[in-house]
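These are my notebook entries on one structure. I set down what I looked up and the cut-offs that I applied.

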Amino acid sequence: MSGGAVKRFETSQQAVVREMLEETGYETKIVRLLALIESTFSIEENTDKTYQQINFVYLLKRVAHSDRHKIVASEEKVRPVWKHRQEVKNVKPTILNEIIAEFPTSVRFEVSFD
C-alpha cells in the first residue's frame with residue numbers, strides 16, 4: 001500500500017481492509033495475522049534522523065471487486081499486479097520477504113533495522 005495509515009479510532013484490521021479497497025478496488029477479509037514487525041529506519045542516507053514504525057502483516061482473502069471506488073495514486077490511476085507470493089522479492093523491511101515466502105503458522109514478532 002502506498003502511504004496508507006490507520007485513521008483515528010480505526011483498528012489495524014479495519015485500516016488494511018479499507019486501504020486494499022481504496023488502492024486496488026478489491027474487497028478483502030482478513031484470514032489471520034502473520035507478523036508484527038517493529039522497524040527502525042532512515043529515509044535519507046548519511047543522517048542520524050531515524051523513524052520507527054510497527055507493521056501489522058495480515059494474510060487477506062479477496063472477496064469481490066468493487067467498481068464504486070476509484071483507484072488513484074499520485075493523481076494517476078494504477079492497476080494492481082497480483083503476484084504469487086514466491087514471486088515477491090525486495091520488499092522493505094527486508095524481513096517481509098522471509099515472512100511472505102514462509103507464511104508462518106504462528107504470529108511472528110520481528111525487529112528490523114533496515
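I count a salt bridge where a side-chain nitrogen of Lys or Arg is within 4 Å of a carboxyl oxygen of Asp or Glu. The model is predicted, so I note that local features need pLDDT of at least 70 and side-chain atom pairs pLDDT 80 or more, whereas totals for chains, interfaces and linings use all residues. Residues are numbered from 1 along each chain as its sequence is written, and side-chain values use heavy atoms, with hydrogens and water left out.

Entry 1: salt bridges.
I find six salt bridges in the structure. E110 forms one with R108, with the closest N and O atoms 2.5 Å apart. Both E110 and R108 are buried (under 20% relative accessible area; exposed is over 50%, partly exposed in between; 1.4 Å probe, protein chains only). I also looked up the network: E10, R18, E19 and E22 are joined by salt bridges that share partners. Within it, R18 and E10 meet at 2.8 Å, N to O, and both of these residues are buried.

Entry 2: R108.
I located R108 in strand 5; strands are DSSP runs of E with at least two residues, helices runs of H or I with at least four, numbered from the N terminus. R108 counts as buried because its relative accessibility is 15%. E102 also forms a salt bridge with R108, the closest N and O atoms being 3.0 Å apart. E102 counts as partly exposed because its relative accessibility is 46%. Leaving aside neighbours within four places in sequence, I list L34, A35, L36, I95, E98, I99 and E102 in contact with R108 (heavy atoms within 4.5 Å).

Entry 3: the nonpolar core.
I define a nonpolar core as buried Ala, Val, Leu, Ile, Met, Phe, Trp, Tyr and Cys residues joined through side-chain atoms within 4.5 Å. The largest one has eight residues: L34, A35, I37, V57, L59, I95, L96 and I99. Strand 1 (26–41), strand 2 (51–65) and helix 2 (95–102) each give two or more residues to this core. In soluble globular proteins, nonpolar side chains tend to be buried together. With neighbours within four places in sequence set aside, L59 is in contact with K29, I30, V31, R32, L34 and F103.

Entry 4: Q14.
I placed Q14 in helix 1 (residues 12–24). Q14 counts as partly exposed because its relative accessibility is 44%. Q14 and I30 are 16 residues apart in sequence, and their C-alpha atoms are 9.3 Å apart.
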